[in-house]
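Here is a friendly note to read with the model open beside you. Please take the points one at a time and find each residue as you go.

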Amino acid sequence: MAEVISMADIEASAARLGIDLSSINLDSIQLPPGEDFGIQSGDDGDLYQDDPLEFEGGFGNIIVVDNLPVVPPEKFEKLEGVIRKIYSQIGTIREGGIWMPVSPDTQKTLGYCFIEYNTAQEAELAREKTNGYKLDKSHIFAVNVLDDFEKYMKVPEEWKASEIKPYMPGENLQQWLTDEKARDQFVIRAGSNTEVFWNDPRQLMPELVHQRQYWTESFVQWSPLGTYLATVHRQGAAVWGGASTFNRLMRFAHPQVRQIDFSPSEKYIITYSSHEPSNPRDSHRIVINIFDVRTGKLMRDFKGNVDEFATGGSGGVSGISWPVFRWGGGREDKYFARIGKNVIAVYETETFTLVDKKSMKVDNVVDFSWSPTDPILALFVPEQGGGNQPARVSLVQIPGKEELRQKNLFSVSDCKVYWQNNGEYLAVKVDRYTKTKKSTYTGFELFRIKERDIPIEVLELDNKNDKIIAFAWEPKGHRFAVIHGDGPRPDISFYSMRTSQNTGRVSKLMTLKSKQANALYWSPAGRYILLAGLKGFNGQLEFYNVDELETMATGEHFMATDIEWDPTGRYVATAVTSVHEMENGFHIWSFNGKLLYRISRDHFYQFLWRPRPPSLLTAEKEEEIAKNLKKYSKKYEAEDQDVSMQLNEQDRKKRKMLQDQWNEWVAKWKQWHEEERQFRIQLRDGEASDEEEEYEAKEVEVEEVLDVSEEIVADQD
């Protein structure tokens, strides 16, 4: 090592040689490796504390695919292309990540290959999806992760019975459905708090079930059957539930998740995120994961740029719309689909691959929707070729991809599809151009899905130039409502798909003139509808009985932004969320328009009723209960009377408590008054009485000289 010299010696040597040290960039001096020339660094302690290197342990990202065809060298490339095509759909294969060993004697492949993915998760997914894959009659893939071979080598020679663990019953996640008062729950988010309540209209106030601060970082969401409450975090999503409280049941890792969606039967959850590119010229990268809700297992992931997930064909509008994947009708969670350019990609959940291993080609398709109850797709294709090729709506059966019905539409400006929740009817709202192409008018194409050959009816309003503001089917029914008109107070019309006079034709029931409404909210049980005036109408509410065609009540929730019926159709909530700075909170109403109670909360973000699973009763049993409702209601009427008496007793006790508090306050002031009696006598110069009437008023005039001044007046003479 070189001799250690001081900085003063260096400066002296520089001065002797005529070198200006200030002009030298010391950082540019490169020392030989391992040599410091005696110059001690204050960072030596940090430098010598080497960070431990992290190596990727094991071979969990490599799979072994066995039972491949044995081929000569001239067919290597073709076989590798087939393998790459199959396995690149599941994940990203590393460069040079496919290796097929070759026999040194015959130069033929040995019938297996190694495939290296970027992540162990992709390798595991590939094993699950392709183990047992039938390439042809003679070659059925046997797939294993390379790490598994070590595990198999450690299997003992002698079999040993596994330990049988005692059965431990899990929590009843449907415990809340057994509430003796038949109440429903709801969740709210206000400020940093998330709270779950029982709706208790008998007590005219909610009852707290569970609350937690910072429970979620953006929003909460119930699963479709109400079993789980989902929360969203930077690291991913989580689901919560339980019998008496909300415990975390499962976590789903997905950094920067922005959206979530459940399958109809809650078997799967989809998570979505969008990531900004490092290069501003590149598009955002989309990541979509599908997890098994109960096990947390990643079933399938989809990755790509925005263009790959853009909705609509050549005639559509590019962009991501949520949900990207839409679940097929029914409660089986069997199919899900997404729209692409000129295709509808339909996947089945048995293998999470495309139905028939290919997408359904539909040129220029811009929208689709599933029947709520059946695996039937409704597709919309706009006009092409300047109107030479008409627009069309098609109904397609899955998995056979058989077209059940098609309707050509001419001079179409826009089209929107509305399914009735039982899947019995489909309404297609069609905006058409007039002959001059300067304006549009609207009509409806009504499909009767359950009838033979799916007949279609055309419905036009009395004034076909009326603007359609809102449309809504009656749940579990055959009626629908339409808000229409161009004025500030539109009309509302009710129609039926079947009446006693016309069982096979649509007929109008009633038109309500000049209403302050722009939104329709049917009760989940049908029969009742809430006609709401939001935004410009400032929360006007009208509760309407469609059976009797009469208004039950009117009300107002000033500046209301959200309206939601409870799942039973007994109560409805109106809310003012934080889009307004004032009046935040929610109101609970009865189905017939009686305001039951109101709750105010600052920074109010969300109100969501907890969904209920479908009734286990048959349609016949429900009909029998409806007919004999008075008999069943006697029990609940007695309970309501008891609660009413209890509330009256509570009110009486409250009034008595207020009276006692008043009497106590008066007695306290009388005591203070008596204690200060002597002090008051002193102030009155010995007068003992406090009564003003016993005193005589006297007037005393007091003259006071305020100022004296002298003024010399000059003599005029």
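The points below go from the whole chain to single sheets and residues.

1. A word on the ground rules. This is a predicted model, in which local features need pLDDT of at least 70 and side-chain atom pairs count only at pLDDT 80 or more, while totals for chains, interfaces and linings use all residues. Residues are numbered from 1 along each chain as its sequence is written, and side-chain values use heavy atoms, with hydrogens and water left out.

2. The whole chain. The chain has 9 helices and 43 strands; helices (H or I, at least four residues) and strands (E, at least two) are DSSP runs numbered from the N terminus. Of its 717 residues, 39% are buried, where buried means under 20% relative accessible area, exposed means over 50%, and partly exposed lies in between (1.4 Å probe, protein chains only).

3. Contacts and surface. A contact means heavy atoms within 4.5 Å. Take the contacts between residues at least 6 apart in sequence: 45% of them join residues at least 24 apart. The accessible surface is about 44700 Å², and carbon and sulfur atoms account for 49% of that; areas come from the Shrake-Rupley method with a 1.4 Å probe, and for residues only the protein chains shown count as cover.

4. One sheet to trace. Strands of a sheet pair through backbone hydrogen bonds, either parallel or antiparallel. Here, two strands count as paired if DSSP finds at least two bridges between them. An open, antiparallel sheet of 4 strands runs in the order 14-15-16-17. Its edges are strand 14 (259-262) and strand 17 (298-305), each pairing on one side only. Neighbouring strands are turned by 15° against each other on average, direction ignored; the axes are lines fitted to C-alpha atoms, for helices over the stretch in contact, and angles run from 0 to 180 degrees between N-to-C directions. Strand 16 (residues 285-292) is joined to strand 17 by 7 bridges, and R285 faces N305 across this pair.

5. Which strands make up the open sheet with the order 31-32-33-34, and how do they pair? The 4 strands named in that order pair in the antiparallel sense. Strand 31 (468-473) and strand 34 (507-512) sit at the edges, and the twist averages 20° from one strand to the next. Strand 33 (residues 491-496) pairs with strand 34 over 5 bridges, with S496 opposite S507.

6. A hairpin. Strand 23 and strand 24 are joined by a hairpin through 5 residues. Strand 23 (residues 367-370) and strand 24 (residues 376-381) run antiparallel, with 4 bridges between them. Look for W370 opposite L377.

7. Is T227 buried or exposed? T227 counts as buried, because its relative accessibility is 7%. It lies in the loop between strand 10 (220-222) and strand 11 (229-232); beyond its neighbours within four places in sequence, T227 has contacts that include L173, W240 and R610. L249, in strand 13 (residues 247-253), counts as partly exposed because its relative accessibility is 30%. Beyond neighbours within four places, L249 touches L173, Y228, V239, W240 and G241.

8. A surface patch. W662, W665, W669 and W672 make a nonpolar surface patch of about 490 Å². W669 belongs to helix 8 (residues 629-675) and is partly exposed, at 43% relative accessible area.

How values were computed:
Patch = residues over 30% accessible without salt bridge, like charges linked within 9 Å, V, L, I, M, F, W, Y side chains within 5 Å. Salt bridge = Lys/Arg side-chain N within 4 Å of Asp/Glu carboxyl O.
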